[in-house]
Amino acid sequence: MTEVEDSVVRLLTEPMPAGSHKETGDAREQKLAALFMTLSAVDALQIERRLQKDLSSDPLVVAFRRLVIERRERLRDVLTHRRKMLSALKLKP
């Protein structure tokens, strides 16, 4: 796994501190979204594809499944947005 993938898995598998699960989940989602916004278009696409394949043997996918569906969908949208944004920038003259 790459350094980014390790960071994603680490964020998703770290124990939740005492307190509100919603607040902790919100903070975790924001950290992941910020991390995804640093990815290259190729890296974002690779992670998107792995999440779409949804293989139980993939540690990134298994960690991502820990999120509630709504968070997963929003984070997938962040990956798609990042990739499309970078692609659009490349196409401009």
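Reader: How many helices and strands does the chain have?

Author: In this predicted model, the chain has 5 helices and 0 strands. Read along the sequence, the pattern is α-α-α-α-α.

Reader: What radius of gyration does the chain have, and what would a compact globule have?

Author: A compact globule with 93 residues would have a radius of gyration near 12 Å. The chain has 14 Å, which agrees. Along its principal axes the C-alpha trace spans about 50 × 30 × 25 Å, and 32% of the 93 residues count as buried.

Reader: At what angle do H1 and H2 pack, and how is that read?

Author: Angles over 145 degrees count as roughly antiparallel. Helix H1 (residues 3-13) and helix H2 (residues 21-36) pack at about 175°, with axes 10 Å apart, so H1 is roughly antiparallel to H2. H1 contributes Val4, Ser7, Val8, Leu11 and Leu12 to the contact, and H2 contributes Arg28, Lys31, Leu32, Leu35 and Phe36. By class, that contact has 7 nonpolar, 1 polar and 2 charged residues.

Reader: Is Arg82 buried or exposed?

Author: Buried means under 20% relative accessible area. Arg82 has 14%, so Arg82 is buried. Arg82 lies in helix H5 (residues 69-91).

Reader: Which residues is Arg82 in contact with, leaving aside neighbours within four places in sequence?

Author: Those residues are Phe36, Met37, Thr38 and Leu39. A polar atom of the Arg82 side chain lies 2.7 Å from the backbone oxygen of Leu39.

Reader: What share of contacts between residues at least 6 apart in sequence joins residues at least 24 apart?

Author: In this chain, the share is 65%.

Definitions and conventions:
Residues numbered from 1 in each chain as written. Predicted model: local features only at pLDDT ≥ 70, side-chain atom pairs only at ≥ 80, totals over all residues. Heavy atoms only, no water. Axes fitted to C-alpha atoms, helices over the stretch in contact; angles between N-to-C directions. Helix = DSSP H or I, 4+ residues; strand = E, 2+ residues; numbered from the N terminus. Parallel < 35°, antiparallel > 145°, perpendicular 65-115°, else oblique. Contact = heavy atoms within 4.5 Å. Nonpolar A, V, L, I, M, F, W, Y, C, P; charged D, E, K, R; others polar. Buried < 20%, exposed > 50% of the residue type's maximum accessible area, 1.4 Å probe, protein only. Polar contact = N/O pair within 3.5 Å; in protein donor to acceptor, adjacent residues only side chain to side chain. Rg over C-alpha atoms; globule rule 2.2 N^0.38 Å.
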